[in-house]
Amino acid sequence: SYGLENQGPPTPIASDFCDNGVINSVGEDSPAIPGSEAGLTVRLTTVPVGQSQTFTILFVFGSSPDASVYNWENLRGQNIEQLADNFWNNRLFQLTQGVPHVKLNDSVLEKIYYNSLLNIPMNLFDNGTNKKFYGLGDTTYVLEFPWQTISSAKIWTWADPLGFKDTFKNFLKIDMTNCKAYNPLTNQPSCFSFYAFDPSSLILSIYDYLTISQDWGFLSENISGNISGTPKNQTVIEWLRELAYLRESVGSTNLVDFGNDHALFEFREPTCNLRGLYTGQVPTPNAERYTTHKRLGEIYRKIGDPRANGEETVAQDAKAALTQLWNATEGWFDSISLYEPAQSTYQQPIPLRNTPLRNTFKGIWIYHLLDYPGLLTSQQTTQLLTHLDEYRAPFGFYSLSKTVQSNWCSRQDWHGPGLYIGEAGRMIKTLSQNGRSDLALDIL
């Protein structure tokens, strides 16, 4: 590594760190990203017994190993803590200019609200010149997923409306018929399959943006994009319509086909014995189809577009179709699996079943249906909530009901004991909006 503070000139210790102390790695899950090397700068020192010594470890980034060292040398000798304080105080000041300020009787809940806002500036990547984006990926790699916008669109709009719009424009450049994310460092898409939650998430996010910002003029802005595999330039309102109808083919049941095991990525693993069950005609994203067209119709009505009534009709038809999946005996929504289980991680194509398989698949994401006003009856809501304890875990939720615990798969996330961590926050919001603030606070 390299020397630090006033202990003499930088001294490489090549035997302790690869590349003379400069880490040239971006993680095994990431595509190769030129110029993402990180330099680790620390001087190994001997501290006499009974004495103490303070030293600093700096993690610096540059476009190359030499640039990392150069950046480190510029920081050496400065008051790093003061620089950091100034940096974060400035970001927090900017944040508080936009987000709502709250005063609650519950001081703990009020503190939780303000602490949660730190997620916004701490997930902002900004090199100060030409690269600025929010880290929506929730793992060790940097990828932007359209479906993740739905959980943060409102607070994002208050905090950074221009940043939200820029991200939306970038998503329109993805061929969503075959890609589900893009890398904001390279602007390259991550492609393998269509993800049915992406179009609805973007429409609902834009709806939140418009109703909060009142920036209705954004709908008339022309943007270049490629969501259906055909590059074009059109207004935002036309992009929303294209998103709403992207791969939305329905048969006699008026239910969209979610797809095979690749549609919900976690269930394609050969070690998972829940493969082939949540495929085909499933509750969600068919539920999202209702609220997507409902919201698009409201947007049309706001701007005086005559297509509003047509969208309301599509929404009501989608709502009626969803009742086919309701299982009153179980108090849950069934799935009608159309596809055979995946036999390998990347198997394509996956054949159709000779006979569709109806089954009651107990996944926590069914509770997303409670987020959409007017979709469920009060009885359906009540029956769904009677199952909530099946998902309660010591520190949040299980992604699958404990009644199918023996079927948990080896990989976590949606198909096992683990859970995408954002679900806890969404469930707290969902319960609060459905008159169960008691449960929401208990979970919080």
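Start by selecting F87, W88, L92, L118 and M122: together they make a nonpolar surface patch of about 450 Å². To count for a patch, a residue needs over 30% relative accessible area and no salt bridge, and nonpolar side chains (Val, Leu, Ile, Met, Phe, Trp, Tyr) are joined within 5 Å, while like charges are joined within 9 Å. A salt bridge here is a side-chain nitrogen of Lys or Arg within 4 Å of a carboxyl oxygen of Asp or Glu. The areas come from the Shrake-Rupley method with a 1.4 Å probe, and for residues only the protein chains shown count as cover.

Before you click on, note that this is a predicted model, where local features need pLDDT of at least 70 and side-chain atom pairs count only at pLDDT 80 or more, though totals for chains, interfaces and linings use all residues. Numbering runs from 1 along each chain as its sequence is written, and side-chain values use heavy atoms, leaving out hydrogens and water.

Next, color helix α2 (residues 80-96), which gives the most to the nonpolar patch, with three residues. Helices (H or I, at least four residues) and strands (E, at least two) are DSSP runs numbered from the N terminus. Zoom in on W88, found in helix α2; W88 is partly exposed, at 32% relative accessible area. Buried means under 20%, exposed over 50%, and partly exposed in between (1.4 Å probe, protein chains only).

Now hop to C179 and C191, which form a disulfide with sulfur atoms 1.9 Å apart; the cut-off is cysteine sulfurs within 2.5 Å. The pair links distant parts of the chain, twelve residues apart: C179 sits in strand β6 (residues 179-183) and C191 in strand β7 (residues 188-191). Look along the S-S bond: at 80 degrees, the link of C179 and C191 is right-handed. Last, show the surface: C179 is buried at 4% relative accessibility, whereas C191 is partly exposed at 40%.
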